Structure formats: C-alpha cells, structure tokens
Amino acid sequence: MASVALKHELTCSICLDIFTCPVMLRCGHNFCRDCIQMVIDTEFGSNPCPECRRPCSPRDLQQVNFKLANIVECYKSLQEQESPKTVRCTYCIRSLVTAVKTCLLCQASYCKEHLEFHSKSKRHVLVDPIASQQSRKCTVHDEVLTYFCIKDQTCICTSCIMVGEHQDHQTEVLQKASLSKKEQLKKLLESLKLEQESLKGRAKVLLGVLKQTQEKVVMLKNDVQAMYSELRECVVAAHVSVLSEVRRHIGQVSNQISGEISSVQKRAAKRSQDIGHLQAACSKMDPFLILQDKVWRAMSDKRFRAEPDAASPVPVLDMLLIGLISQRAIEGLSDRLPQLSSLMVRFNYEANLLLNEATASRFLTLSADLKTVKYSRKKLCREPGPSRFETSQVLSISSFSSGKYFWEVRTSQTGVKAIGVAYPTIERRGPQAFLGYNEKSWCLIWENDCIEVCHNSDCKRIVSGDPGMRAVGVFLDYEAGQLSFYRLSPQVEHLHTITAQFSEPLHSAFYVVDGWIKINSKK
C-alpha cells in the first residue's frame with residue numbers, strides 16, 4: 001500500500017506516468033517538463049496550470065525540481081530490486097547461467113546448452129523461464145496445467161478432464177486457447193486504438209473550439225468596451241451640454257434681476273434726493289424763497305407725481321425651458337443608441353413574431369396586433385378548422401427552417417404558461433397535442449416557482465435561484481439543434497438548453513391557462 005501511495009505521488013497528472021525531468025510551477029504543482037510544455041503550447045491566453053488553473057509561463061520550465069527527480073530515481077531503483085530475479089539453469093551447478101526455457105513436466109529450467117539434450121516429446125511443455133512452477137500446476141491433482149476449460153474459463157490438468165469436475169466440459173489445449181485469446185485481445189486492442197484516435201481527434205476539435213471561444217470572448221469584450229465607452233462619452237457630452245444651457249439661462253435671469261435691482265436702486269436714490277429738496281423747501285418760512293425754488297419748478301415741469309411707478313414683472317427661472325433642454329438632450333442620446341447598438345449587431349437575432357389566429361384555441365383571445373394571447377374561461381365563437389388547437393395553445397405565423405433567432409415574452413404572474421417550438425404537423429387534438437408531450441414539440445412550462453422543460457413527455461425540473469418569472473427569452477439555433485431558455489425578470493439567468501436534431505420547420509408555440517402572454521419585440 002505504501003508503494004502504491006508513493007507511486008501515486010510520483011505520477012504526472014498529464015501523462016499518468018512516473019515523472020520525467022519534473023518541473024515545479026510557481027503555484028507548487030509538479031509536471032513532466034515535456035508534458036507541461038505541451039499544455040503551454042496548446043493553451044490560449046493565460047496558460048493555466050492543469051491542477052489549479054492559476055497562470056503559468058514558459059519561464060516556469062526552468063524550475064527543475066531536483067529533489068523530486070532524485071526521489072523518482074530512488075523509487076525506480078527500488079522497483080528494479082523488487083522485480084523478479086533472473087531464472088538460472090537447473091543443471092549449471094558450477095556457474096550461474098541464465099535459463100532460456102522451463103519445462104513444466106520436468107519442473108526444471110534449462111540453458112541453451114542443456115536444452116539441446118532435453119526430450120522433444122509433446123508431454124514436455126516448454127515455456128519462458130519461470131522461477132516458481134507451482135502456479136502452473138493443478139491444486140487438486142498436482143499435475144501440469146495443459147488444457148483450458150471454455151465453460152469455466154480456467155486452466156486445468158489432464159486428470160480434471162478424465163476424473164475431475166470438468167469431465168463433460170468443452171476444452172482446448174493451452175496453446176490453441178491462448179491463440180484464440182490473442183485474437184480477441186488483438187481485436188480489443190484495435191478497438192481501443194480506434195477509440196484512442198477518436199478521442200485524440202475529439203480533443204483536437206475541442207481545443208480548436210476553446211481557442212475560437214476565447215477569441216470570441218476577446219472580441220465581445222472589445223465590442224462591449226467600445227460600446228459603453230462611446231455611450232459614456234455621449235452621456236458626458238449630453239450632461240455638459242445640458243449644464244451649459246442651464247448655466248446660460250440662469251446667467252441671463254441673474255443678469256436681468258441684477259439690472260433691475262440696479263435700476264430700482266438708482267430710482268430710489270433719486271427719489272431720496274428729491275425728497276430731501278422738498279423737505280428743505282417745506283422747511284422754509286419766506287414765501288418768496290419757496291415760490292422761487294428751481295427744484296420744485298423742474299419737478300412741476302416733469303409733472304412729478306408722488307405715486308411710485310407701476311412695478312415691472314420680476315424675472316424668474318423658466319423651469320419649462322430647462323425641462324425642454326434636458327428632454328432634448330435625452331432624445332439626442334436616444335437617437336445615438338441605435339448607432340451604438342449596431343456594434344453588437346452580430347449578437348442580434350431578434351425574431352418578429354405574430355400569432356396565427358387560425359391555430360388559436362377557442363379558449364384564447366388574441367390582441368389586434370397579434371402580439372398578446374389571453375386565456376378565457378368561456379369558449380369564443382370561432383370557426384372550427386383542421387389547424388385549430390383544442391388545447392389552450394397557439395402557434396406563430398412565421399416558421400424557422402434555418403438560422404438563429406431570439407424572441408422575448410412577458411407574462412402574467414398567475415396561471416400556467418408554456419413557450420417553445422413545434423413542428424406544423426403537431427397534433428391539434430387529444431393528449432398528443434399538448435406542448436412538450438409529443439415528439440414534435442419542445443417547451444419550457446412554469447407555474448409560480450415550478451419550472452420544467454419538456455419533450456416527448458420527458459419533463460425535467462429546473463432549479464432556479466429566484467421564484468416567480470414574468471419575462472422569458474428563447475434562443476433558437478436551428479443548424480446547431482439548440483433551443484435555450486433564459487429568465488429575464490426579476491434577474492437574468494440561463495435556465496436550460498435543449499439539444500435536438502430538427503427535421504421540419506419550427507413555429508414558435510405558446511400555451512396559457514388563467515393568464516396571458518405578450519410577445520415583446522423591438523421591431
């Protein structure tokens with residue numbers, strides 16, 4: 001057990017063999033230098049450690065673990081010492097000569113020279129040199145095992161066939177049985193080689209897919225960064241523009257108020273001066289001086305009146321103007337959004353769906369724009385037809401026979417809802433008409449916090465982190481045979497992806513009881 005445990009510790013996790021020139025990465029894990037070099041050459045980007053996925057680099061290959069290499073050499077030496085010793089010739093007494101054959105009948109081993117004098121009889125079975133011949137003898141009759149019992153798949157002796165428990169069993173001589181076993185092993189070996197080649201090819205394909213995926217991730221990151229950088233610039237520009245306009249308007253109002261204050265103050269000072277002259281005139285006692293006062297005459301010529309002038313309107317902030325400025329800036333930003341979203345056009349597969357009234361059940365009411373379906377407890381007056389469902393279902397008008405598509409639905413909080421895809425040849429009546437309960441439809445069905453994906457009556461429960469679901473997205477990749485469902489509200493979450501081989505055009509399909517479903521479309 002200790003030897004097995006030590007071998008496990010000295011085994012490279014990449015090649016599954018004893019370390020050869022082990023190197024230690026900065027994370028502390030050890031690998032054969034050639035093995036980790038292969039990983040670094042094939043991995044894309046960060047070159048992660050196969051054990052802990054931490055980054056590593058070609059410089060780590062210089063860190064040879066000499067202590068571990070010495071332990072490996074000691075282990076190999078001990079294994080060689082514990083291996084079976086060389087078999088010596090039985091008759092070479094004076095010198096230790098290596099045997100070339102062992103006779104199972106004579107229970108002796110022979111070198112090349114003594115083998116020439118050995119009996120050539122078929123009873124004397126010669127095999128490669130073995131140290132102990134006890135394992136080649138029958139434990140019951142103590143005779144050499146020369147036959148193979150096909151029924152019990154075990155080696156037996158002659159007495160086992162004649163008087164033993166294998167009397168009526170089909171047997172073969174060991175040499176013939178071993179040849180048959182070799183043929184079986186060769187076939188198995190060829191099968192394993194083919195499987196190995198297939199696995200290598202699959203690994204190569206997966207490495208290519210991994211590289212393409214990582215390249216797409218880099219492109220996606222760059223696109224998202226570019227989009228949000230431009231969006232941030234637009235928001236900042238709109239913010240600066242609105243603040244500038246608001247400051248300009250506030251400056252105009254402030255200047256008007258300041259000017260009005262200055263004018264009022266000048267007029268008030270003039271009135272104070274006039275009041276002083278009049279008070280001085282009134283204080284005079286000489287009638288002649290009072291009548292000869294020039295200030296009074298000037299005021300009389302201007303038809304002076306003691307009543308103050310009518311007050312002019314007080315300038316105030318035009319909040320409506322500020323609101324219009326902000327609204328215009330937001331509208332300008334909204335105008336830029338389609339240009340920004342064009343950066344993400346490669347990820348936009350939105351489908352423009354309309355409900356097909358000819359397929360709608362008599363329990364369903366469709367909106368005028370054919371975007372909303374609502375359940376009604378009473379049957380509606382609709383003409384029966386071969387395309388109309390008896391169940392509470394409806395299909396879309398358009399179908400998909402190639403490409404990638406995405407559509408989004410909003411639903412009521414109550415009721416049972418199901419969305420998915422179906423072939424146009426789906427049954428319209430009976431149990432086989434229900435979405436997900438036949439070979440011609442795939443769907444996501446939910447009620448409150450119970451969510452399932454169904455196909456051909458095989459339903460799988462989906463565990464979700466948030467109960468309740470008011471918005472769902474569906475993505476269809478026809479060529480890849482993938483149908484994916486996403487929760488969009490209250491949080492975005494991938495629910496499940498169904499894989500299938502589609503053989504007919506697909507229609508979007510909807511099922512609803514005691515609720516409603518609305519197709520959300522930006523087109």
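Reader: Is C459 buried, partly exposed or exposed?

Author: The model is a predicted one, and the class rests on computed accessibility. Buried means under 20% relative accessible area and exposed means over 50%. The value for C459 is 28%, so C459 counts as partly exposed.

Reader: Which cysteine forms a disulfide with C459, and how far apart are their sulfur atoms?

Author: A disulfide here needs two cysteine sulfur atoms within 2.5 Å. A search of the whole structure finds one such link. It has an angle of 115° about the S-S bond and is right-handed. The partner of C459 is C454, and the sulfur atoms are 2.3 Å apart.

Reader: Is C454 buried or exposed?

Author: The cut-off for buried is under 20% relative accessible area. C454 has 1% relative accessibility, so C454 counts as buried.

Reader: Which strands stand at the edges of the six-stranded sheet?

Author: The sheet is open, with antiparallel pairing and the order β11-β20-β13-β14-β15-β16. A strand at the edge has a single partner, so one of its sides is left without a neighbour in the sheet. The edge strands are β11 (393–400) and β16 (458–462).

Reader: Which residue in β16 stands opposite E452?

Author: Strand β15 covers residues 450–455 and pairs with β16 in the antiparallel sense, over five bridges. The residue in β16 that faces E452 is R461.

Reader: With which side chain does the side chain of S159 make a polar contact?

Author: S159 lies in helix α5, residues 158–162. With a relative accessible area of 15%, S159 is buried. Beyond its neighbours within four places in sequence, S159 is in contact with H141, E143 and G164. The polar contact, at 2.5 Å, is with the side chain of E143.

Reader: How far does helix α6 reach from its first C-alpha to its last?

Author: Helix α6 runs over residues 174–283 and has 110 residues. Among its buried residues are C234, H249 and D274. At 1.5 Å a residue, the expected span of α6 is 164 Å, and the value in the model is close to that, at 155 Å.

Note on methods:
Residues are numbered from 1 along each chain as its sequence is written. This is a predicted model: local features need pLDDT of at least 70, side-chain atom pairs count only at pLDDT 80 or more; totals for chains, interfaces and linings use all residues. Side-chain values use heavy atoms; hydrogens and water are left out. Helices (H or I, at least four residues) and strands (E, at least two) are DSSP runs, numbered from the N terminus. The expected span of a helix is 1.5 Å times one less than its number of residues. Buried means under 20% relative accessible area, exposed over 50%, partly exposed in between (1.4 Å probe, protein chains only). Two strands pair if DSSP finds at least two bridges between them. A polar contact is a pair of N or O atoms within 3.5 Å; within protein, one must be able to donate a hydrogen and the other to accept it, and residues adjacent in sequence count only if both atoms are side-chain atoms. Contact means heavy atoms within 4.5 Å.
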